[in-house]
Amino acid sequence: MNSNTVMILGGDGYLGWTLGLAMANRTDRHVVLVDNLVKRRWEKEAGAKVLVPLKSPKARIAEYERIFGKRNLSFEKVELLDSKAVEKVIAKYRPAVVINAAQQPSAPFSMSSAKNAAATFSNNIVGHLNVIWAIAHISKATNYIKLGSGGCYMATDTDYVPLGKHDFTFEHHGKQHKVLQGLIPMQATDFYHQSKIADLLIDDLCSKMWDMKVITVQQATIFGATIPENHSKACGGLAARFNYDAVFGTVFNRFVCQMVIGHPLTVYGDGTQKTGLISLSDTAENFIKLANLDVEPGEHTIVHNYTHRLSIREIAQRLADIDPLAKIHYLDNPRREPTCKLDLQVELHEAVEVTQANKEARLQAEMANLLEFTHRYKDNIDPDIILPKIQWSAGETNATSPGFVRTL
Ligand SMILES: NC(=O)c1ccc[n+]([C@@H]2O[C@H](COP(=O)([O-])OP(=O)(O)OC[C@H]3O[C@@H](n4cnc5c(N)ncnc54)[C@H](O)[C@@H]3O)[C@@H](O)[C@H]2O)c1
């Protein structure tokens with residue numbers, strides 16, 4: 001095994017490329033990016049556009065070598081749905097760590113058609129299965145870090161999500177019952193998150209069954225476009241994919257693009273639904289730590305990776321506080337998001353606690369960074385792709401008119 005290699009699956013992606021760039025520049029690891037470039041096709045099909053024209057992985061790697069003078073970043077084009085190709089790339093590198101960020105990452109895409117729901121399940125479940133199978137049978141000493149999602153708990157009405165397994169009690173027909181060493185129930189509100197729940201359970205099964213070293217990172221919504229390595233104008237050729245449309249863009253990034261072009265920030269529903277949030281920079285920093293984490297074979301480690309928990313309305317308000325001209329509009333919610341009664345707290349893993357320090361100051365700094373960066377590419381923003389067209393209700397998918405604006 002080459003103990004210095006980290007393989008990042010999804011290396012053409014928003015997170016995968018950013019992690020690869022940070023890891024290669026900040027450590028002496030050899031970083032291998034793996035991707036089949038399918039996201040570029042999905043973006044075309046969904047009518048999505050990116051904020052900054054996205055260079056090919058090879059062109060960005062050449063730019064990295066020119067700017068940082070290091071040659072520890074490389075790319076392999078591999079389809080994770082092809083088990084033989086996955087086995088081949090794992091056998092070629094026998095990496096110390098594999099980080100799997102190669103998935104279909106959008107809830108609306110998974111709800112847009114039967115075809116796209118199935119593509120989500122096959123990419124996210126079968127692709128993941130091929131990877132974990134190849135690691136177990138070819139390179140068992142590898143630490144496998146799988147991207148999950150904090151959204152797996154979105155419909156679980158609890159006041160606390162602990163890490164790992166616990167004993168639970170519940171009452172039924174007036175009698176107390178127990179569950180020993182179980183995971184907290186996860187409940188999805190869309191097919192994307194359903195696939196992430198399946199993935200977590202596959203991680204749990206395989207770590208026990210094959211004595212594997214597995215970490216599932218229940219990742220919060222990421223915001224931001226850059227890290228120190230690619231923020232400056234001179235490093236524009238290292239820009240990551242930045243989706244801002246209704247299908248692939250995440251809420252914070254979408255709001256910032258709306259604000260920069262003077263469009264009202266469009267909140268779904270009354271905006272009281274809360275989400276975990278973490279900046280792209282903090283995410284990269286935390287994953288570099290997780291790649292060094294000592295994991296026991298057979299022990300499935302779960303990490304919740306977030307810095308803030310804010311409601312959608314609070315996110316919009318934080319941004320509107322910066323610009324007195326910014327307006328907030330409330331749209332009928334195209335999603336089926338449950339109203340939970342309990343105020344949720346989420347336990348943090350000690351490996352990622354550091355990003356909790358000065359979190360308000362970090363949030364302000366990241367918002368300023370993102371606004372400044374987005375202003376640079378303002379002319380690339382297409383307002384027509386930001387309003388939601390995909391609805392969760394059966395029979396109403398692909399409605400073409402975002403004609404459900406209302407103001408509270
Ligand atoms: N971005 C967020 O806010 C966020 C939040 C929570 C979890 N996540 C998770 O993080 C991971 C990365 O998300 P992202 O935002 O960087 O998405 P992204 O779409 O930008 O990147 C995913 C990459 O994976 C590649 N890929 C997909 N299927 C593949 C396959 N079968 N074979 C090879 N490559 C394949 C795509 O081409 C793409 O480049 C996903 O697992 C996502 O669910 C992201």
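Helix α7 is followed by D211, a residue with a positive phi near 50°. Helices (DSSP runs of H or I, at least four residues) and strands (DSSP runs of E, at least two) are numbered from the N terminus. The structure is a predicted model, in which local features need pLDDT of at least 70 and side-chain atom pairs count only at pLDDT 80 or more, while totals for chains, interfaces and linings use all residues. Residues are numbered from 1 along each chain as its sequence is written.

**Surroundings of the ligand**

- The ligand is surrounded by 27 residues, of which G10, G13, L15, K39 and Q103 are the closest; a residue is near a molecule if its C-beta atom, placed from the backbone, lies within 6 Å of it.
- Two or more residues of this shell come from each of α1 (14-26), α2 (38-46), α6 (114-138), β5 (143-149) and β10 (221-223).
- Helix α1 supplies the largest share of the shell, 3 residues.
- By type, the shell holds 11 nonpolar, 11 polar and 5 charged residues.
- In this division Ala, Val, Leu, Ile, Met, Phe, Trp, Tyr, Cys and Pro count as nonpolar, Asp, Glu, Lys and Arg as charged, and the others, Gly among them, as polar.

**Helix α7**

- Helix α7 covers residues 191-209; at 1.5 Å a residue its 19 residues should span 27 Å, and this agrees with its end C-alpha atoms, which are 27 Å apart.
- The expected span is 1.5 Å times one less than the number of residues in the helix.
- The buried residues of α7 include F191, Y192, L200 and C206.
- A residue is buried if 20 or more other C-beta atoms lie within 10 Å of its own, exposed if 12 or fewer, and partly exposed in between, with C-beta atoms placed from the backbone.
- Among the elements that cover the buried residues of α7 are α5 (107-110), α6, β5, β9 (213-219) and β13 (300-305).

**Strand β5**

- Strand β5 is largely enclosed by the rest of the structure, because 7 of its 7 residues are buried.
- In a regular strand, side chains alternate between the two faces of the sheet.
- On one side of β5 the buried residues are N143, I145, L147 and S149, and on the other they are Y144, K146 and G148.
- Strand β4 (residues 95-100) runs parallel to β5 and is joined to it by 4 bridges, with N100 opposite K146; two strands pair if DSSP finds at least two bridges between them.
- Strand β9 also runs parallel to β5, through 7 bridges, and here G148 stands opposite Q218.

**Nonpolar cores**

- The largest nonpolar core has 85 residues, and I8, L9 and I99 touch the most other members.
- Helix α1 gives the most to this core, with 8 residues.
- A nonpolar core is a set of buried Ala, Val, Leu, Ile, Met, Phe, Trp, Tyr and Cys residues joined through C-beta atoms within 7 Å.
- Not counting residues up to four places away in sequence, L9 touches residues including V34, L80, V98, I99 and V131; contact requires C-beta atoms, placed from the backbone, within 7 Å.
- Another core, of 13 residues, lies apart from the largest one and includes A48, Y192, A246 and I390.

**Positive phi angles**

- Most residues other than glycine have a negative phi.
- R94, although not a glycine, has a positive phi of about 35°, and R94 lies in the loop between α4 (83-93) and β4.
- R94 counts as partly exposed because 17 C-beta neighbours lie inside 10 Å.
- N358 is not a glycine either, yet its phi is positive, about 50°, in the loop between β16 (345-346) and α11 (359-376).
- N358 is exposed, with 10 other C-beta atoms within 10 Å.

Methods
Contact = placed C-beta atoms within 7 Å.
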